[in-house]
Structures are given as structure tokens and as C-alpha cells.
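Start with the display below, then read on.

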Amino acid sequence: MKNSIFKSICLAATGVFLASLLLIMSILYTYFSDIQLETLKKQTELVSVAVQDQGISFLKKIDNKDFRITLIESDGDVLYDTVSPADSMENHLGREEIREALAKGYGESTRYSSTLLERQIYTAKLLPDGTVIRLSETHYSVLSLILMMTQPIAIVAVIAAVLSLILASRLSEKIIKPLNELNIDKPELKDSYEELKPLIERINSQQRQLKSQSAELRRKQEEFNAATYNMNEGIVLLNETGTILSINHSASKILSASKYCIGKDILLVNRSIEIQNLLNKAQSGEHADVMMNINGLEYQINASPVVSDDSISGIALIIFDITEKEKAEQMRREFSANVSHELKTPLHSISGYAELMKNGLVKENDIVSFSSRIYSEAQRMIVLVDDIIKLSRLDEGTYDMELEETDLFAVAHETVDILKPAADAKNLTVTLNGGSSKIYGFPQLLNGLVYNLCDNAIKYNRQNGSVDITVIQDNNKTILTVSDNGIGIPKEHQERIFERFYRVDKSHSKEVGGTGLGLSIVKHAARLHDAEIKLESVPDGGTTISVIFPEKSLL
Ligand code: ADP
């Protein structure tokens with residue numbers, strides 16, 4: 001900018017200088033031409049007087065190369081010439097100044113001399129004897145004028161050039177300085193010159209507009225962030241090329257993205273093939289979704305193109321955690337397969353025994369034994385179906401059950417009574433300790449929980465073993481502990497025994513009438529009461545299972 005201002009000023013100065021030179025030269029040229037003609041006219045007058053007085057001898061005495069004197073007869077013949085011999089010169093009657101002098105007494109003209117090849121001025125005067133005296137001189141040409149004035153012109157040009165360079169430099173500096181010093185963020189009128197004021201006012205008004213727009217944007221962004229911060233779903237907004245514009249807390253956590261990821265490409269955060277395909281589809285205007293495993297959890301990611309003015313201006317990604325859903329789905333699938341499998345075995349046995357009896361292949365004496373096998377298989381099926389129904393109900397939730405004040409000690413007492421025959425069959429010592437401990441819970445579920453724990457303590461016990469049941473309140477918590485000194489559970493199975501249909505020793509479990517669902521029911525019931533389960537078990541040493549009901553379950 002500074003350079004172009006400087007160049008323009010220099011160019012303008014040069015233009016002005018050349019134009020002035022041209023004008024001055026043309027004025028000088030006219031002025032000098034007039035003076036030259038006037039001088040020649042006066043000299044012609046003087047020479048004519050001298051020639052009248054002294055005749056041709058006067059002319060012969062003149063030795064001046066600056067101008068030429070010619071004496072011409074009235075018929076045009078040259079009598080004498082100061083430059084060329086008279087007899088070599090042609091008749092001059094045709095010359096304009098001669099004709100004019102002969103007619104009017106005085107004549108003048110300017111033309112190229114064919115003899116001298118220069119522009120000449122001629123003045124001629126008619127003498128009383130009829131002859132004509134003519135003076136001629138080389139006319140100043142523009143070039144000769146310039147050559148004459150070369151030195152002063154050069155001096156003026158140098159001074160003008162130096163002055164215009166200094167002025168141009170100062171002027172451009174002066175114009176540019178306020179622009180350079182202008183604080184765009186906060187331009188002030190007092191720091192500049194008049195012509196900049198409209199620009200500064202415009203900048204100021206645009207600054208105000210920008211400020212209010214960015215405040216509005218910030219407010220909207222904050223609103224959006226506040227709304228999305230606590231959402232479980234991850235939300236990522238991208239521009240059309242995949243650069244992250246906004247990302248909420250959940251999405252940052254899921255994608256392990258740092259807070260500096262804004263402004264970076266999403267593929268720098270996660271470059272999985274699934275995300276790339278998702279982006280490609282969204283960029284071509286399609287809605288797409290994909291299931292992805294990230295850090296061991298299952299997610300569903302939906303991508304929707306954001307369309308404005310018929311073109312895609314961005315992409316919105318929404319990430320759902322579907323781990324629980326997937327797990328539940330998986331469990332349901334496994335559960336159905338297990339249920340069919342568990343029911344198939346007793347049904348086959350029943351059908352086999354019944355077929356034998358139907359075909360009369362069973363001896364009279366064995367009929368009772370066969371019938372009792374059919375009965376016990378049917379009983380097993382009933383227990384199994386009963387447990388399946390209980391679990392299915394638990395899966396559906398507690399909406400059809402009502403919370404009631406329940407004394408866990410009383411529940412344990414009842415259970416001990418119910419299970420007494422089974423305990424007696426093994427000659428077990430069952431003790432119930434503690435006292436009344438009321439909690440706010442679902443009685444049906446609590447019954448099932450206590451029953452299954454006590455039932456297992458008896459089922460997986462040895463002859464003459466012992467079972468200790470304690471219900472106490474400690475630190476505002478109600479703790480139910482069922483302890484036995486039975487067969488115990490090996491370490492590697494302890495984690496899994498709460499899974500549906502999981503049994504440490506399948507044949508032993510079946511032998512003692514287990515379904516593999518008892519502890520699943522316990523786990524479910526505990527969860528619905530926010531209770532915590534603790535298991536300690538030593539193979540051949542015994543098992544202790546505690547259920548700790550939290551404070552809020554207390555009355
Ligand atoms: P089941 O109907 O087979 O008893 P559970 O879900 O109640 O099913 O128990 C799962 C498995 O855990 C049992 O098959 C058994 O192997 C083991 N188990 C449960 N309780 C005890 C216990 N008190 N002592 C030893 N093993 C136990």
C-alpha cells in the first residue's frame with residue numbers, strides 16, 4: 001500500500017513536471033520566435049539604410065555568419081549574397097518575402113531553405129532604387145531551444161525529483177501511519193484524519209454487531225452444552241468435512257476424546273472403519289447407524305446429515321449405550337435355549353418310562369418304582385417351571401408387587417420351619433440367631449431370597465452338618481447371613497454361581513433337586529432391594545452368603 005501510494009505520487013510529480021516543461025517550452029518557443037523576427041526586421045532596416053548610402057560595397061565588408069544578407073534586383077536576379085556567389089543563385093522573384101516586399105515595400109516568411117536544409121526566417125525590404133535587401137536567419141527549433149536549456153532543465157529536474165521523492169515518502173508515510181496504528185478491535189476517531197472517520201465508524205458498528213452476534217452464539221452454545229452435558233447419550237456435531245464442532249460430556253467419555261478435540265477431524269479421535277463408513281453415508285445425505293464395541297461396551301451410533309439450502313452443512317452423531325440392552329438380549333436368548341434344554345431331559349425321561357409302561361414292558365413289581373420316577377421327574381419339572389415363572393416375573397419388574405413392612409427374622413423363621421424335614425433328613429443342626437429386623441420390601445421376593453439361600457445350605461451340606469442363619473441390624477443396615485459347613489464352592493466357580501442355570505456340579509445339583517436358578521432369584525431379589533451380596537466359601541469347608549440391606553430399606 002505504502003509503495004503504491006509512493007509510486008503514484010512520484011508518477012504524478014513526473015507527469016506534472018513534463019507537462020509544465022512542455023507548456024514552458026511552447027511559450028518560450030513562441031516568445032523567442034517573435035523576438036527573433038522583430039530583431040531581424042530591425043536589422044533589415046539598418047542594413048537597407050547602409051546599402052542606400054554605401055551601395056554593394058557595404059555588403060562586401062560584412063563578415064557575419066549568424067545571418068545572411070542578399071541583394072536582389074527588381075526582376076529577381078541576385079546582385080549579391082553574403083553566403084553564396086550571386087551568379088550561382090537562382091532567380092528569387094518567386095520567393096514569398098520578395099514578392100511581398102516588391103508589392104508592399106516589406107515582406108517576411110518562414111520556410112525550409114532548400115540551400116541550407118534548415119528552417120529559416122526571411123525579412124525583405126524594397127529600396128528606393130527598386131532593389132530588394134533580404135536578411136535571413138536560422139529559425140530556433142524546439143530541439144535547439146531544449147539544447148540551449150539543457151543545463152537549467154536538468155538542474156530543475158533533479159531538484160524536482162529529489163523534492164518529489166521526499167514529499168512522496170513523507171506523504172505516503174503520513175497516509176499510512178494512522179492506518180497502521182489503527183486498533184481494529186477498538187478504533188478511535190481521535191487517532192486518525194478526517195477521511196478515515198467513515199471507515200472507523202463502519203468498523204466500530206461492525207464490531208458492535210459482531211460482539212452482539214458472538215454473545216448470542218455463546219449463549220446458544222452454553223444453552224446447548226448445558227442441555228447436552230448431563231445426557232447419557234453422546235452427541236457430536238461435525239461440519240460437512242467431519243471436523244468436530246461440538247461434543248458433549250458423554251461422547252467425550254465414550255470416544256476417549258480430550259477437550260482439545262474441537263476443530264479436529266473426528267477420524268483423529270476414532271479412525272475405525274465403522275465411523276468412516278458412517279461419515280461417508282451421512283456425507284452422501286443418508287441416515288445411517290452402526291453398532292460398535294468401544295472399550296468393551298456396546299454402542300449404537302446414529303449419523304444424520306444436517307441439510308441447509310439443499311446442501312449438507314454438517315453431520316450429527318448420536319451415541320447410545322446399548323450394553324445393558326445387548327446383555328439382556330443375550331441373556332434372554334441363552335435363557336430360552338437353557339429352558340428348552342432343562343425341560344427336555346425330564347420330559348424325555350417321563351415319556352420313556354410311560355412308553356415302557358404303555359407297551360406292557362414293565363413288570364407288575366416295577367410299576368411302583370417306574371411311577372415314582374415319573375412322579376419325581378414331573379416334580380422336578382414343576383419346581384423348574386415354578387422357578388422360571390418367578391424369574392420371568394422378576395425380569396418384568398416389581399410393578400405388580402407392593403412394598404410392605406416385612407420382618408426378615410420372621411421370614412427366616414418360617415423358612416427354617418418349612419425346610420425342617422429336609423434338614424432332618426440329613427440330620428443337620430439348624431440355628432437361627434438375631435432378632436426382629438423390619439425392612440421395607442417386597443415380601444414375596446424376600447421369602448424367595450431367604451428360602452433359596454437356606455435351601456442351598458441344606459442341599460449342599462453333609463450328613464450331620466450344620467446351618468447357621470443370622471438376621472441382625474448393624475449400623476442401620478439389616479444383614480442376613482446363611483452359613484453352612486457343607487461342600488463349599490471352588491474359587492473359580494464363585495463368580496458364576498449367580499448366573500442362570502449355572503451349577504458347579506450339574507449331576508449333584510439334579511440329584512438334590514436343584515434347577516440352577518435359585519441364586520439367580522436371590523441376586524434379582526437383592527438388586528430390587530438395593531441389597532449387596534457377599535460370598536465366602538471354602539471347598540469342603542463351607543459357604544457363607546450375606547445379604548446386606550441398605551439403610552433406606554429400613555423402616
Ligand atoms: P441349584 O438349583 O442348582 O441349587 P443355585 O442357583 O441355587 O442352583 O446354585 C447354583 C450352584 O451353586 C449350585 O448348583 C451349587 O453348585 C452352588 N451352590 C449354591 N449354594 C451352595 C452352597 N451353600 N454350598 C455349596 N455350593 C452351593
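## Two loop residues

Asn-464 is found in the loop between α13 and β14 (466–474). Helices and strands here are DSSP runs, numbered from the N terminus: helices are H or I with at least four residues, strands are E with at least two. Asn-464 is not a glycine, yet has a positive phi of about 70°. Most residues other than glycine have a negative phi.

Phe-501 is found in another stretch, the loop between α14 (491–494) and α15 (506–511). Its phi is also positive, about 65°, although Phe-501 is not a glycine.

## How to read the model

This is a predicted model, where local features need pLDDT of at least 70, side-chain atom pairs count only at pLDDT 80 or more, and totals for chains, interfaces and linings use all residues. Residues are numbered from 1 along each chain as its sequence is written, and side-chain values use heavy atoms, with hydrogens and water left out.

## The ligand and its shell

Which residues come nearest to the ligand? Of the 19 around it, they are Tyr-460, Ser-509, Thr-515, Gly-516 and Leu-519. A residue counts as near if one of its heavy atoms lies within 4 Å of the molecule. The shell divides into 8 nonpolar, 8 polar and 3 charged residues. In this scheme Ala, Val, Leu, Ile, Met, Phe, Trp, Tyr, Cys and Pro are nonpolar; Asp, Glu, Lys and Arg are charged; the others, Gly among them, are polar. Helices α13 (443–459) and α16 (518–528) each supply at least two shell residues.

A polar side-chain atom of Asn-456 lies 2.9 Å from a ligand oxygen. For a polar side-chain atom of Lys-459, the distance to a ligand oxygen is 3.2 Å. Val-504 uses a backbone N or O atom, 3.2 Å from an oxygen of the ligand. The protein covers 97% of the 520 Å² of accessible area that the ligand has on its own. That area comes from the Shrake-Rupley method with a 1.4 Å probe.

## The sheet from β6 to β10

Here 5 strands form an open sheet in the order β7-β6-β10-β9-β8, with antiparallel pairing. Two strands pair if DSSP finds at least two bridges between them. β7 (244–247) and β8 (288–294) stand at the edges with a single partner strand each, so one side of each has no neighbour in the sheet. Neighbouring strands are turned by 20° against each other on average, direction ignored.

β8 and β9 (297–308) run antiparallel and are joined by 7 bridges. Asp-289 stands opposite Asn-302 in β9. Helix α9 (273–283) lies across β6 (234–239), β8, β9 and β10 (311–321), at about 165° to β8. Contact means heavy atoms within 4.5 Å. Axes are lines fitted to C-alpha atoms, for helices over the stretch in contact, and angles run from 0 to 180 degrees between N-to-C directions.

## The sheet from β1 to β5

Another open sheet of 5 strands has the order β2-β1-β5-β4-β3, and its pairing is antiparallel. The edge strands, β2 (78–81) and β3 (106–112), each pair on one side only. From one strand to the next, the twist averages 20°.

Strands β4 (119–126) and β5 (132–138) run antiparallel, joined by 7 bridges. Tyr-122 has Ser-136 in β5 as its bridge partner. Helix α3 (96–104) lies across β1 (67–72), β3, β4 and β5, running at about 175° to β3.

Conventions:
A polar contact is a pair of N or O atoms within 3.5 Å; within protein, one must be able to donate a hydrogen and the other to accept it, and residues adjacent in sequence count only if both atoms are side-chain atoms.
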